[in-house]
Amino acid sequence: MNLDELKDKIGIGEDKVYAVMGAFTAPEDLVEGGRKIREMGYTKLDAMTPFPVHGIDEAIGVPPSKLGWLVVWFSALGCATAITLIWYVGAIDYRLVIGGKPYFDFSYTIPIAFELTVLFSAFASFYGLWVFNGLPRLYHPTFNYSQAHRASDDLFLLVIEANDPKFDAETTAEHLRSVGAGDVEVVEG
Amino acid sequence: MSAVLQDPQLMEVNPPLVRSEDYHDLTEQISGIVEGDVIKTPTKYWITLAVTASITGLLGAMLAYLLSTGIGVWGNNRPIGWAWDITNFVFWIGIGHAGTLISAILFLFRQKWRTSINRSAEAMTLFAVMCAGIFPLFHTGRPWRAYWLFPIPNTDLNLWQNFRSPLIWDVFAVSTYFTVSLLFWFTGLVPDLATLRDRTTNKVKQVIFGLLSLGWRGSARHWSHYEKAYLILAAISTPLVLSVHSIVSFDFATSVIPGWHTTIFPPYFVAGAIFSGFACVMTLLLIARWTLNLQNLITMKHLENMNKIILVTGSIVGYSYACEFFIAWYSGDIYERFTFLNRAFGPYWWAAWSMYSCNVFIPQLYWFKRMRTNLWVMFAISITTNIGMWFERFVIIATSLTRDFLPTSWGYFHPTWVDMCTFLGTIGLFLTLFLVFARFLPMIAISEVKGVLAVQKHQFSDEEVMAK
């Protein structure tokens with residue numbers, strides 16, 4: 001597979017329109033603008049901001065994160081791993097009387113069970129964060145926007161993706177301008 | 001915005017935590033230190049780094065000497081088989097605890113003032129735990145066999161660990177603590193690394209920051225998962241930090257040695273850890289604030305709040321000392337009574353009284369606002385607190401071992417020059433790592449401080465609306 005085919009497969013390339021993007025200078029304006037755009041019927045929306053902007057998720061329809069569920073399962077797995085390990089070692093594989101203590105007892109599994117619960121939860125939330133976000137990745141079409149580098153500084157960007165059923169480069173750009181966005185551009189993949 | 005922020009009346013009502021013209025200024029101010037071209041790194045920084053790096057070299061030399069000769073080069077001997085190494089281990093782990101406390105517990109309590117200091121406090125945790133790990137690792141005598149501490153099936157040992165022993169609990173607690181702290185710190189760092197990636201024009205730095213920031217683009221979906229992950233990491237770090245020093249204290253409390261065999265140890269160790277950790281954050285922040293001119297970001301309000309925590313935890317530690325003495329008397333156990341009298345008036349009286357003075361008496365000065373807001377006073381107290389907390393660990397460990405049940409087995413501990421140079425070396429390592437971090441990574445969480453700034457802007461505009 002050559003590079004062009006690969007680009008085609010993952011939907012990027014200079015001739016493909018990825019989105020229309022515009023910038024706001026204040027988080028409140030972004031939330032307000034995003035809400036209006038969504039009321040116009042757009043569904044494939046995203047925002048790019050230098051810090052988490054409160055209210056943006058509801059405004060542009062980002063579903064609540066389900067990361068918590070993943071962590072719950074992994075925490076249970078961590079706890080079970082610790083107890084199983086200690087039970088297997090003490091009561092099955094290596095039975096040894098030490099200080100007259102029983103081969104296995106729940107009471108002395110508590111510290112390690114707790115630590116492994118925490119450790120597995122931490123791994124789940126850390127790796128889950130990147131998997132859920134589709135990261136790490138080296139390239140993203142939104143980086144082609146001329147102001148993209150300021151999304152980590154002081155600009156609040158609104159993205160209307162081209163796969164939105166209502167998307168039409170020119171009218172969408174006009175809509176974005178009408179809600180107060182500046183530097184509106186059609187961004188290619 | 002600036003006019004509103006500088007209005008003295010408004011400041012009185014709601015003093016700003018962050019004084020910055022706007023988001024861009026903030027980015028400039030913090031990443032300027034990392035970029036080093038607009039804000040030049042002062043020469044004093046490089047001189048300090050050279051000094052601390054040399055001390056780190058001393059640590060390397062001491063460890064090489066220990067490995068080539070044997071752990072007899074340390075002063076550990078009967079009856080004091082645990083001496084400076086475990087004192088230093090507990091000391092460094094304790095230092096680390098304030099970092100987690102600031103980043104996790106204050107986050108859960110929605111204490112916005114933490115944002116200026118949490119990044120450096122988290123870094124401090126990592127570096128302190130690294131220093132702590134050196135001591136038990138080298139006390140094993142064969143650090144290349146360190147994997148024997150973990151339940152990894154291996155053919156060269158054919159043994160399992162004894163899970164009934166608190167020492168293995170400690171292995172799990174400390175390694176979990178280090179791992180979770182590292183993940184927490186790196187998670188917080190990613191959006192700021194993206195900021196650096198977007199700002200730099202240097203190709204090499206673009207690649208480095210580009211890889212480290214994992215392609216972060218600040219998407220609303222990113223932030224949604226990020227905030228959830230951050231909340232979970234904070235929520236699990238909070239009990240974790242309490243468990244780590246509790247488990248460290250089990251190393252002592254589950255033994256039958258007078259002065260160690262007591263149920264007060266877990267909370268007492270945790271309070272002491274937070275106390276010493278805050279003092280250490282204070283020392284480092286005062287130095288960083290002065291050398292890198294961060295007065296706008298680390299304000300007197302931050303410092304005063306930290307001093308209040310030092311006063312509270314110092315008083316808890318003082319209460320624990322009093323409680324220990326009371327219980328020793330009330331228990332009616334002659335060995336327990338003797339240990340505590342021996343602690344205060346025996347051969348280690350000088351260590352015990354250094355500890356009482358530094359940990360209990362001196363921090364009481366913080367009842368006065370003038371003392372809490374005086375930079376020289378807080379610098380001095382941050383140092384004395386750490387000296388006092390080092391002595392606390394030494395006193396607990398040495399006095400109980402030096403004179404136990406049988407007078408025939410009494411002894412006295414003499415540290416060797418290798419003990420002293422190794423401990424000094426870990427201080428050098430700690431400072432070197434911290435200085436490198438402060439210069440090459442954003443020391444203040446850019447995205448979090450911007451979040452606080454946004455809330456402030458909102459507050460003020462609300463008030464303006466109210467006024468209308």
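1. Two strands are taken to pair if DSSP finds at least two bridges between them. In this predicted model, chain A holds an open sheet of four strands in the order 2-3-1-4, with antiparallel pairing. Strand 2 (45-48) and strand 4 (182-188) of chain A stand at the edges with a single partner strand each, so each has one side without a neighbour in the sheet. From one strand to the next, the twist averages 20 degrees.

2. Strand 1 (residues 17-24) of chain A pairs with strand 4 of chain A over five bridges, in the antiparallel sense. A:Ala23 stands opposite A:Gly182 in strand 4 of chain A. Helix 6 (residues 169-178) of chain A packs on the sheet and touches strand 1, strand 3 (156-161) and strand 4 of chain A. The direction of helix 6 makes about 15 degrees with that of strand 1 of chain A.

3. Chain A is assigned domain 1 (3-64 + 152-188) and domain 2 (67-132). The C-alpha centres of these two domains lie 44 Å apart.

4. Between the chains, 47 residues of chain B are in contact with 52 residues of chain A. Helix 9 (220-253) of chain B gives the largest share of the chain B side, 16 residues. By class, that side has 23 nonpolar, 16 polar and eight charged residues.

5. Helix 4 (residues 67-93) of chain A packs against helix 9 of chain B at an angle of about 35 degrees, the axes being 9 Å apart. Here A:Leu67, A:Gly68 and A:Val71 meet B:His225, B:Lys228, B:Ala229 and B:Ile232.

Terms used. Residues are numbered from 1 along each chain as its sequence is written. Chains are lettered from A and ligands numbered from 1 in the order in which they are written. This is a predicted model: local features need pLDDT of at least 70, side-chain atom pairs count only at pLDDT 80 or more; totals for chains, interfaces and linings use all residues. Domain bounds come from an automatic or database domain assignment. Two residues are in contact if their C-beta atoms, placed from the backbone, lie within 7 Å. Helices (H or I, at least four residues) and strands (E, at least two) are DSSP runs, numbered from the N terminus. Ala, Val, Leu, Ile, Met, Phe, Trp, Tyr, Cys and Pro count as nonpolar, Asp, Glu, Lys and Arg as charged, and the others, Gly among them, as polar. Axes are lines fitted to C-alpha atoms, for helices over the stretch in contact, and angles run from 0 to 180 degrees between N-to-C directions.
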